[in-house]
Amino acid sequence: MNKQYKSYKNLIAGKLCEAIDKEQIEVICPSDGEVFAYIPKSSTRDIDLAVKAARHAYDKGEWGKMSAMERGRILLKFSILIEKHKSELAMLESRDTGKILSQAEADITALARYFEFYAGAADKIYGNTIPIKGNFLTLTLREPHGVVGGIIPWNYPAQIFGRVVGAALAMGNSVVIKPAEDACLSVLRLGELAVSAGLPAGALNIVSGTGEEAGSALTKHSQVDFFSFTGSPITGSLVQQAAALNQRGVTLELGGKSAQIIFADADLEKALPVIINAIIQNSGQTCSAGSRVLIEQSIYAEFSKKLAEKFAKLKAGPHDANLDLGPLISKKQLNIVKNFISQAEKENIELLAKGEIIDNAPEKGNYIAPALYGNVPPNSDLAQKEIFGPILCAFPFRDEEHAIRLANNSEFGLVGAVWTSDGARQMRMAKAIRAGQVYINSYGAGGGIELPFGGFKKSGHGREKGIEGLYEMSTTKTIIINHEN
Ligand code: NDP
């Protein structure tokens, strides 16, 4: 281990600590392939300690006894502290994930806003009264699940930490987070800041390690009451199966293959940069990436040419070079994306344009040039699989009905977008698209903290973000009072 690099620590029971076995994982910068930090490689025993700490905080500790107003105040302090450390956190996130600095800054702004939003909501969680026959007063309480286990991925560690932890804590749960080994420095640093914000011991526990060991141990732990998972459909199924053995609930956010549909009557100049940004953001490693663009036949040639001209000018390079794209997270992810590209070549899928990797990009970085493919066969892997790289597939469509059929021809259903100036068509299309969020003449909404987010079909189930995300972290208790004399 090189002493000049920081060794990050787990947060368990309010204390920063190494893994019990003292094992560590090297943290590699995706931009240059160099090690620059270490994180704990935690085992089942560390997870067990963290779950017990969370259990204690919820059942007997200061956290479980705290009023909603006090919880909100602590979360607000945390949000303010995040804002104060914004540039430090953004630089860390950028170096760790490879995402360009401006994106990391936007992520930290969203992170602070999650805690601000949920801080404000903490003491505004109401139940209902329900009229029934007879001498009864019936009411419902929204109660926390208890201990929430959160497994988060490497693509947006800080933002996803915000949406899961913000909602879970505001509702009064205690939390154990297992971030991804490929990128979790911002999350471990947030553990340090949470202590400074005055979060009581055990309310939030963060344990880094591999998914196979630490992640799996968390999902099998019988003392966890509810899970939130974001990641691949395959791992999502494993998490759901493990949770099912203890009859626990799970929200799953599993990515997508989202369609951006552009009609001839749309404002094409306005749409163009938004459509490109929706696929190159975070180098395409975004669950809600707009990875398919459906173009009305009459403008297909003109619009795909415009897209191609822009694509050819895109540049990939190191995270801090202020370019359009950074590197991919890992060699593993780079190989996944390269395999899709080789397969597209073998299938003679039309390459319309390719961006470039800048000449002086470090050799050991995980760089890939963004690419635009045209007339993509709708049932090819390129059109169907979540690539998680900066690859955009273009398809022509004849009419509304054809556009809907193509958009819904996916096992995923996370996000969709429709570009048209026809108001009635906007509504028809929004209703017809099978996805959890549909944008009209836009894509994304600055993090969308306030907006319920989640999938149809293989994109998962349950909702995060907004008030719905808060309710997802609760369960309803119904109380029936007989007030007959
Ligand atoms: P995973 O789904 O395997 O990883 C997501 C999280 O789950 C990580 O924290 C991981 O830990 C953890 N994990 C892995 N195995 C287990 C397990 N058995 N039990 C519990 N937790 C586990 O995604 P990958 O990183 O392998 O990426 C593969 C593909 O998944 C990508 O190419 C992309 O298509 C998709 N993906 C989708 C994301 C989304 O936002 N929807 C995010 C990330 C990936 P660790 O990484 O430490 O092993």
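Reply: The ligand is surrounded by 30 residues, of which Trp154, Glu181, Ser232, Thr235 and Lys332 are the closest; a residue counts as near a molecule if one of its heavy atoms lies within 4 Å of it. This is a predicted model, in which local features need pLDDT of at least 70 and side-chain atom pairs count only at pLDDT 80 or more, while totals for chains, interfaces and linings use all residues. Residues are numbered from 1 along each chain as its sequence is written, and side-chain values use heavy atoms, with hydrogens and water left out.

In threonine 235, a side-chain N or O atom is 2.8 Å from a ligand oxygen. Asparagine 155 places a polar side-chain atom 3.1 Å from an oxygen atom of the ligand, and for glutamate 386 the distance from a polar side-chain atom to a ligand oxygen is 3.1 Å.

Now the helices, which are DSSP runs of H or I with at least four residues, numbered from the N terminus. Helix α5 (residues 101-121) packs with helix α4 (residues 86-97) at an angle of about 125°, their axes being 8 Å apart. That makes α4 oblique to α5, since angles under 35 degrees count as roughly parallel, over 145 as roughly antiparallel, 65 to 115 as roughly perpendicular and the rest as oblique. Axes here are lines fitted to C-alpha atoms over the stretch in contact, and angles run from 0 to 180 degrees between N-to-C directions. In contact (heavy atoms within 4.5 Å) are Lys86, Leu89, Ala90, Met91, Glu93 and Ser94 of α4 with Leu101, Ala104, Glu105, Ile108 and Thr109 of α5. By class, 6 of these residues are nonpolar, 2 polar and 3 charged; Ala, Val, Leu, Ile, Met, Phe, Trp, Tyr, Cys and Pro count as nonpolar, Asp, Glu, Lys and Arg as charged, and the others, Gly among them, as polar.

Helix α5 also meets helix α6 (residues 157-171), with axes that come within 8 Å and cross at roughly 5°. The two are therefore roughly parallel to each other. Their contact has 11 nonpolar, 3 polar and 2 charged residues. Among those on the α5 side are Ile108, Tyr114 and Phe115, and the α6 side includes Phe161, Arg163 and Val165.

Helix α14 (residues 400-408) and helix α15 (residues 423-432) have axes that come within 10 Å and cross at roughly 30°, so α14 and α15 are roughly parallel to each other. Glu400, Ala403, Ile404 and Asn408 of α14 meet Arg425, Arg428, Met429 and Ala432 of α15, a contact with 4 nonpolar, 1 polar and 3 charged residues. Glutamate 400, in α14, is in contact with Phe263, Arg425, Arg428 and Met429, leaving aside neighbours within four places in sequence.

Methods:
Polar contact = N/O pair within 3.5 Å; in protein donor to acceptor, adjacent residues only side chain to side chain.
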